[in-house]
Amino acid sequence: MLLERLRLAYRIIVDPRDSFRSLEGRGFRESLCHMLTFGWVTAFLSGFLSLYGVDYSIPTNAGGSAQLFAPWALEALGVEVGGFAEVLLFAGFVMVGYMVLAAVSAPVLASAVWLVTGRPAFGETLRRAALAVVYGMTPGFLFGWVPNPFYAVGLWATLWQTLAVREVFSLSWRRAVVAVLLWIVGVGVLHDLAGLLVDASLPLQ
């Protein structure tokens, strides 16, 4: 089973279009297993590199939004343990970030695809959206720990997710791009609303 997942992850990197087409029939469980198998790669390596001065609170360094959550959470909780314990905490928060983002992104993307295509079967659309979000994020899972000044891995993952949306839903390029843009805007709006709610709940200094 692990060997099969490794082969699929490799194929997604080198031949994404055929790999995304092969996802037909997979469900939420397979998506979760893929994330829990490969998300730890970036989670642990970015946690390790953070001990040596790599700042993943800088968006260009991070391969995805989940890594931005980890340093924020550690700072908000005032955790300064250092060493391997900090790596574990950082990695754990990255994985929490991945799971929250997937849980939010899948219904938002499904709604975007529904708006673009008018498909009535929302449950099936949601299943396919989860596949596109999670499997399309494979470059981020594997290489999101690589610090760079250009958000290269994040852009790579976004491109792969767009490919995944196109292949999983059998959309034209135009519809796939529109759906992904609606998804990004929708998640961004929810992120801003969550930030406002958090700020409103904090006591005044």
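Predicted model: local features only at pLDDT ≥ 70, side-chain atom pairs only at ≥ 80, totals over all residues.

With neighbours within four places in sequence left aside, Trp-156 is in contact with Ile-13, Pro-139 and Phe-143. Gly-144 is 12 residues from Trp-156 in sequence, and their C-alpha atoms are 9.8 Å apart.

Helix α3 comprises 23 residues, 28–50; at 1.5 Å a residue it should span 33 Å, and the 31 Å between its end C-alpha atoms agrees with that. A kink of about 35° is centred on Gly-39 in α3. Gly-39 is also one of the buried residues of this helix, which include His-34, Met-35, Phe-38 and Thr-42. The buried residues of α3 pack against α1 (2–14), α4 (65–77), α5 (83–117), α6 (122–136) and α7 (138–143).

The count of aromatic pairs comes to eight. Tyr-98 and Phe-141 form an edge-to-face pair, with 4.9 Å between the centres and 90° between the planes. Tyr-98 belongs to helix α5 and Phe-141 to helix α7, so this pair ties together parts that are 43 residues apart in sequence. The table lists the accessibility of both partners.

| Residue | Relative accessibility | Class |
|---|---|---|
| Tyr-98 | 6% | buried |
| Phe-141 | 2% | buried |

Elsewhere, Phe-69, Trp-72 and Phe-93 form one aromatic cluster.

Definitions and conventions:
Residues numbered from 1 in each chain as written. Heavy atoms only, no water. Helix = DSSP H or I, 4+ residues; strand = E, 2+ residues; numbered from the N terminus. Expected span 1.5 Å × (residues − 1). Bend = angle between axes of the 7 residues up to and from the residue. Buried < 20%, exposed > 50% of the residue type's maximum accessible area, 1.4 Å probe, protein only. Contact = heavy atoms within 4.5 Å. Phe/Tyr/Trp six-rings, centres within 6.5 Å; stacked < 30°, edge-to-face > 60°.
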